[in-house]
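Thanks for asking me to look through this two-chain model.

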Amino acid sequence: MIAAIRCINLVKRYEGRPPVEAVRGLDLTVASGECFGLLGPNGAGKTTTIEIIEGLSEPTAGDVEVLGMRWGRDDAAIKERIGISLQETRLSEKLQVDETLTLFRSFYRSGLDPDEVIRRVSLEEKATTRVGKLSGGQRQRLAVACALVGDPDLLLLDEPTTGLDPQSRRQLWDLIRALRAQGRTVLLTTHYMDEAERLCDRVAVVDHGQVIAQGTPRQLIAELGGEHIVEFTLDADGRPPLEATDLADLPAVYSARKDADQFCLSVAEPHVALPALLERLRQTGHRLAGLTTRHASLEDVFVTLTGRHLRDGEAPP
Amino acid sequence: MNHEFDSTTPGIAKASLASRRYWPLGQLILARLREFYREPEAIFWVYGFPILMVVALGIAFRNKPAEQIVVDVQQEGAEQAKVQFVRDTLQKNKIFKVQVNDSARCRLRLRTGKTALVVVPPSSAGGAYEYIFDPTREESRLAQGQVDDALQRAAGRVDPLPIRIQTMQEPGGRYIDFLVPGLLGMSLMGGGLWGVGFVIVDMRIRKVLKRFLATPMRKSDFLLGILLSRLLFMVPEIFVLLLFAWLAFGVVIQGSLLVLVILILLGALTFAGIGLLVASRAKTLEAVSGLMNLVMLPMWVLSGIFFSSERFPEAMQPFIQALPLTPLNDALRAVILEGASLPQLWPQTAILGSWAVGSFVLALRWFRWN
C-alpha cells in the first residue's frame, strides 16, 4: 500500500543573515486513511513542513512523495487530489459562501457540489452570507470546505482550530472525524495537545525542525513509563529545598521534574508511589501544601522530551 | 441553491454533479466583478471621479461669452474733463469694464490682478495719456492695445485699411475638447494600474494567491481573469465619461468608433500590463501604492492630460514621447477631435504595443505567487 505522505530527510534553509534552518532532516510517513497530527510549539517547523508537502515551498534537500507522486513531475495530478487550508487565508470578504465555493470548485476537474460541501461543514444557513460577515469558526469551516470541494484523497490542514472558541473547535473536530470516517487521509498541525490526543490516530512531535517522537498518542504516553502524573507543592518552612532527583528512586516513579515550586512525577502505579512519597516526605520533614494526580498527556510527553512546555517555545530558566 | 436534491435523493445529486459544468475563467471573472460592484468606494473612484473632473474643469475653463477687460482710470492729478472722456469712451464698448479710482487704489488693484490696466489722463491740455501695466501679463498687454485703439479712434483717428472680423467657435477647438481625451487616457492609466496592481498585491497579502496556487487552477486563467474583468469594468467607465462629455459639453467623436475602441483596448491592456509588472513582487499595499504613484506621476505631468506635452522643452520630448500615456493621449485626441484613421496612428500604436508586450513579458517572468 502506498503511503499518503512520505518525507525523507527533509531540509529547508532560508537564506539570510544568519541563514535559518526551519526544517533539519525531518522524516515522516503518513499512512493512507489515518488522521495524523504534527505537534509542536510555534516555530518548530510544522508550517514549513506542511507547505513543502503542499508544493508551496521547495525543500532545500530531501525527498517528498505525496500519494505516490512527486512535485516537479506530477504537480497537476497532485493538486487535483489534495485539499489544503493555510494557517491564515483571508478569503474575499465581498463574496458569499456559496460563490466562494463555486469558484474553488471550478478549479477542479471533478469534485463535490458546492451545496453538498456547505452541508458537510454545516454552513447551510450562511450559504448566501458574505464571507466578511462570518464568525471566526465559520470562516475556518469555510476554509475546510474550500479544501473539500475538490473531493480530495488527502487533506492538509495547518492549525485548523487556532484562535477558535471551544465550541467552534469541537465543531471542527467533528468535521475532521467525519472526513476520516469517509476514508480520507488527514494531516493537521496543531499546538493543542488535547486536540491531537482526541483527533489523531498518530502524532509526530516536532521540535527544532525534527521529529523527536512518533506514534499513537497512547504509545507516546506509555513510553513516558508512567501513565499517571502526580503533582505536588511543599510548604516553604525553611527546610533545605528538595530536588527532583531526590525523588527519582521512589518505587513506581519513572521520572521526576520540578517546574518552579511544583514537583511533577510520572508514575505507573499511584497506589504504590503515593504511600512511598508520603513516607519520604515525612522522613525529610517536608510538609505538603497541595497534591493532585491526573492522567499523563501529550504535554507531559513533550515536556519530558524537551524540558519545555509546548505553548512557551522557550527553554525554562 | 439546489436544495431539492438532499441526501434523500443521492442518485439525482450524483447525476447533477456530473452534468454541472464549471468554467474557471468565467468564475474568476465573475468573482472579480462581484468584488468590484460590492465595493461602493471603488465604484465612486472609477466612475464618479472622472465625471467630477470633467465637470470641474469644464466649468473652470468654460468659454465665456466675451471676456471683459477691466480698466481703472486714475482720478487725482488728472483734468476732470479728460477723466470723463476716457470713461465715456470706454463705457460705450461692452468689452471694457471701467472704474474710476484714486491713485493708491488703482495701483493696489493693478498689483493684485483685479484690474488689467490703469489709465492716467493728463493733468493739462496737450499732456500725454499714461498707461500703467505689467507687460508679463497677457491680458494687460491686450488691454493696453484695445484701450489705446478705442481712445485714439474716439479722438478722431481714421484707420486706413478696411477690415472684416469673422468669429469662429465650434466644438473641437475648445479646452473641454482637449481635456476629455486626456481624462480618458488618465482613467485608462489609473484604472489599469490600480485595478490590476492593487488587486493582485491585496490578494497576495491575504494569501489568496498562495491558496489558489495549491489548487489545479491554471495561472493563465487567473491572470486572464484579472485582465478581462478589468476590461469589463472599463466599458461603462468610458461610456459614461464620453456620454457625459457629449451631453454636458457637446464633445463629439469625429473619428470612427471602432478605431476609438481599438485604441481604448490597447491602452487598457498596456496599463494592465504595467499594473501587473508593478505588482509582480510587491509585498505590501504601501509598497505597491508608492510604486504606482512613482510610475503615474511623470505621466500625470508630462503626458498631456491637462495641457499639451509640447509645452515642455525640446530636449525632453524623446523621453515624454516614450512614456506610454503620451502616445495614448495623442492618438485618442487625433481620433476624437480630428477623425484620424488607424494607419495614421501607427507610431502611437507601435509605442503602446511595445509597452504592452514588454510589460507582460517582464511581469510574467518576475511574478511571485507567494
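Which residue takes a positive phi in the hairpin of β1(A) and β2(A)? Gly16(A) does, with a value near 160°, in a hairpin that has five residues between the strands.

1. Ground rules. This is a predicted model, in which local features need pLDDT of at least 70 and side-chain atom pairs count only at pLDDT 80 or more, while totals for chains, interfaces and linings use all residues. Residues are numbered from 1 along each chain as its sequence is written, and chains are lettered from A and ligands numbered from 1 in the order in which they are written.

2. Strands β1 (residues 5-14) and β2 (residues 20-30) of chain A run antiparallel and are joined by eight bridges; strands count as paired if DSSP finds at least two bridges between them. Arg13(A) has Glu21(A) in β2(A) as its bridge partner. The loop between β1 and β2 of chain A also holds Pro18(A), and the peptide bond from Arg17(A) to Pro18(A) is cis, with omega about -5°. That is worth a look on your screen, because most peptide bonds are trans.

3. Chain A overall. Chain A has ten helices and 13 strands, where helices (H or I, at least four residues) and strands (E, at least two) are DSSP runs numbered from the N terminus. Its C-alpha trace spans about 75 × 45 × 40 Å along the principal axes. Of the 317 residues in chain A, 43% are buried; buried means 20 or more other C-beta atoms within 10 Å of the residue's own, exposed means 12 or fewer, and partly exposed is in between, with C-beta atoms placed from the backbone. Among contacts in chain A with a separation of 6 or more, 70% are between residues 24 or more positions apart; a contact requires C-beta atoms, placed from the backbone, within 7 Å.

4. Domains of chain A. Chain A is divided into domain 1 (5-216) and domain 2 (225-295), with bounds that come from an automatic or database domain assignment. Taken over C-alpha atoms, the centres of these two domains of chain A are 41 Å apart.

5. The six-stranded sheet. Chain A has an open sheet with mixed pairing and the strand order β5-β6-β7-β3-β8-β9. At its edges are β5 (82-85) and β9 (210-215) of chain A, each pairing on one side only. From one strand to the next the twist averages 15°. Within the sheet, β3 (residues 35-39) and β7 (residues 185-190) of chain A pair in the parallel sense over five bridges, and Cys35(A) stands opposite Val186(A) in β7(A).

6. Helices on that sheet. Helix α6 (residues 166-181) of chain A packs on the sheet and touches β3, β6 (154-158) and β7 of chain A, its direction making about 150° with that of β7(A). Helix α10 (residues 298-306) of chain A also packs on the sheet, touching β3, β8 (202-207) and β9 of chain A, at about 35° to the direction of β8(A). Such angles run from 0 to 180 degrees between N-to-C directions, with axes fitted as lines to C-alpha atoms, for helices over the stretch in contact.

7. Two backbone spots to check. Most residues other than glycine have a negative phi. Glu159(A), in the loop between β6 and α6 of chain A, has a positive phi near 45°. Ala260(A) has a positive phi near 55° and lies in the loop between β11 (253-259) and β12 (262-267) of chain A. With 7 C-beta neighbours inside 10 Å, Ala260(A) counts as exposed.

8. Chain B. Chain B has 14 helices and four strands. Its radius of gyration, taken over C-alpha atoms, is 31 Å, well over the 21 Å that the globule rule gives for 370 residues, so chain B is more spread out than a compact globule. That rule is 2.2 Å times the number of residues to the power 0.38. The C-alpha atoms of chain B fill a box of roughly 115 × 50 × 40 Å along the principal axes.

9. The interface. In all, 28 residues of chain A are in contact with 26 residues of chain B. On the side of chain A that touches chain B, α3(A) gives the largest share, seven residues.

Note on methods. Contact = placed C-beta atoms within 7 Å.
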